[in-house]
Every structure is written in structure tokens, then in C-alpha cells.
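Here are my notes for your first look at this model. Keep the structure open beside them and check each point as you read.

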Amino acid sequence: HLFLRNPLVRNGMGILTLVDAVLTCVDIDARAGGTGGDPPIWLTVASNCCLSMYSIEFLMWVWVLPLRRALRDKFLMIDLFIITIGYVELILLAAGWNVGTFGFLRVLRIVRIMRLLKVFRKIPYLKELQKLVNMTSTCMKTLGWSFIFCFVIMTIWAMLMVEFVHPLILELHESEDLFAGDEQILRAASTVMHANLLLFKTVIAGDSWGRIAVPLIEAYPATGIIF
């Protein structure tokens with residue numbers, strides 16, 4: 001237990017996690033390249049070495065901690081998930097599967113980056129980042145409900161846009177040929193989900209104000225209430 005909590009060991013595992021993150025980025029770039037999608041041999045060996053070190057560290061923690069406490073440790077459960085995905089990948093490769101074409105596994109391989117969260121806990125010099133991660137984790141539920149609330153409110157306004165703004169867009173197009181040749185604008189408020197996207201990129205992201213919102217407000221000032 002003292003060995004695992006030794007600053008040298010914790011810093012070493014933190015550096016190993018950063019190295020593994022870089023290897024994962026290089027691996028993704030190599031698979032996206034035009035060389036058959038296979039990463040270099042040295043990259044595969046290095047990734048497997050990182051996986052082996054993760055496995056050894058995980059087994060040591062399970063050995064020194066009581067089973068109930070180990071099962072309640074969220075970081076150990078993240079480690080177990082990442083290690084399991086890594087060995088599933090090795091088994092599939094040994095069986096002749098091409099990971100590049102096995103889309104679900106390609107996504108799961110990126111889960112290894114989640115170990116970067118452990119860097120904040122392992123390296124004692126990152127106290128400010130540890131506090132930031134802790135504060136972020138405590139407000140995730142609030143942020144989730146905020147996104148849901150925002151989506152509900154935007155959907156209500158999107159319904160109004162479909163009812164009132166979409167006919168005005170078509171009217172401007174027919175009378176002044178203002179949106180000629182831009183089919184995306186003509187269908188921007190044709191459905192509730194399209195109107196949601198329009199509201200998000202116009203009001204929240206601040207994108208494309210001059211394409212739809214400004215001409216509509218100039219022609220029909222009352223639409224400024226929606227935008």
C-alpha cells in the first residue's frame with residue numbers, strides 16, 4: 001500500500017498515462033492515414049506495454065484494498081473497464097478481426113483517454129486541477145438538467161418558429177427571391193428539429209445571423225422577439 005502511494009510511483013504512473021494518451025493520438029492518426037489503416041509495430045508494442053502496466057497496478061490495488069472498498073472506488077472501476085476493453089481488442093486481433101472495421105471497438109479504444117482523469121489524482125502537484133475536477137463532477141447533474149431545460153425551452157420557441165416564421169421565410173423567398181439557391185435556409189424552420197438547430201446556431205452559437213435572422217427582422221420586425 002505504501003509502495004502504491006509513493007510519490008515516485010504515482011508520478012511515474014501519471015507520466016505513463018500521458019504517454020499512453022499521446023500513443024493513442026498517434027494510433028488514431030495512423031489508422032486514419034492511407035497506409036492500410038494499420039499502426040506501426042512499435043506503436044502496438046508500446047500500447048501493449050502500457051496496458052500491461054495498467055493491469056499490474058490494478059491487480060496490486062485489488063490485492064491491498066478490501067474487496068468492498070475496491071468495488072466502490074470509481075477510478076478502479078474505470079481502470080477495470082479500460083483494461084477489459086484493451087484485452088478484448090487483443091483477443092479480436094488474435095482472432096483475425098480488423099479493429100479498423102469494427103466500429104464499436106474503435107470508439108471504445110478511445111476510452112483509454114479517460115485515465116487522464118487519474119493524472120489529477122495521482123500527481124500531488126496538481127492541487128488546483130484536482131479541485132477543478134472535483135467541482136466539475138459535483139455540478140454535472142445540475143449541468144445535465146440545465147441542458148434538458150434549455151432544450152425544452154428552445155423546442156417551445158421552435159414550435160412557434162415553424163408556425164409563424166417558416167411561412168414568412170417562404171413569403172420572402174417568393175416575393176423578393178431573397179433566399180434563392182439556398183435550400184438549407186428554406187427548410188431551416190420547416191420542422192421543429194430544424195428550427196431547434198436554427199435557434200441553437202443563431203442565438204446560442206451566434207452563427208449565421210446575417211443569413212436568416214437579419215433579413216427576417218428587417219422585413220418583419222416582430223420576429224426579433226424570437227431571435
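1. **Overall fold.** The protein has 11 helices and zero strands. Helices (H or I, at least four residues) and strands (E, at least two) are DSSP runs, numbered from the N terminus. Along the sequence the pattern reads α-α-α-α-α-α-α-α-α-α-α.

2. **What kind of model.** This is a predicted model: local features need pLDDT of at least 70, side-chain atom pairs count only at pLDDT 80 or more, and totals for chains, interfaces and linings use all residues. Residues are numbered from 1 along each chain as its sequence is written, and side-chain values use heavy atoms, with hydrogens and water left out.

3. **Burial and surface.** The protein has 227 residues, and 33% of them count as buried. Buried means under 20% relative accessible area, exposed means over 50%, and partly exposed is in between (1.4 Å probe, protein chains only). The accessible surface comes to about 14100 Å². Carbon and sulfur atoms hold 72% of that surface. These areas come from the Shrake-Rupley method with a 1.4 Å probe; for residues, only the protein chains shown count as cover.

4. **Contacts.** Take the contacts with a separation of 6 or more: 62% of them join residues 24 or more positions apart. A contact means heavy atoms within 4.5 Å.

5. **The largest core.** A nonpolar core is a set of buried Ala, Val, Leu, Ile, Met, Phe, Trp, Tyr and Cys residues joined through side-chain atoms within 4.5 Å. The largest one here has 20 residues. Met 161, Val 165, Ile 169, Phe 179, Leu 199, Ile 212 and Leu 216 touch the most other members. Helices α8 (140-176), α9 (183-186), α10 (192-204) and α11 (209-219) each supply at least two residues of this core. The largest share, seven residues, is from α8.

6. Which residues does Phe 179 touch, not counting residues up to four places away in sequence? They are Ile 169, Leu 172, His 173, Ile 185, Leu 186, Arg 211 and Pro 215. Apart from this core lies another, of 14 residues, among them Leu 4, Leu 43, Phe 58 and Ala 70.

7. **Helix α11.** Ile 212, Ala 213, Pro 215 and Leu 216 are buried in α11. The cover over the buried residues of α11 includes α8, α9 and α10.

8. **Nonpolar patch.** Trp 145, Ile 148, Phe 149, Phe 151, Val 152, Ile 153, Ile 156, Trp 157, Leu 160, Phe 164, Met 193 and Ile 225 make a nonpolar surface patch of about 1300 Å². A salt bridge is a side-chain nitrogen of Lys or Arg within 4 Å of a carboxyl oxygen of Asp or Glu. Helix α8 gives the most to the patch, with 10 residues.

9. **Phe 151.** This residue is in helix α8. Phe 151 is partly exposed, at 45% relative accessibility. Phe 151 touches Met 193 and Asn 196, not counting residues up to four places away in sequence. The C-alpha atoms of Phe 151 and Asn 196 are separated by 8.2 Å.

10. **Cysteines.** How many disulfides are there? The count is zero, with a disulfide taken as a pair of cysteine sulfur atoms within 2.5 Å. For Cys 50, the nearest cysteine sulfur is that of Cys 49, 7.0 Å away. Cys 50 is buried, at 3% relative accessible area.

Note on methods:
Patches are made of residues with over 30% relative accessible area and no salt bridge: like charges are joined within 9 Å, nonpolar side chains (Val, Leu, Ile, Met, Phe, Trp, Tyr) within 5 Å.
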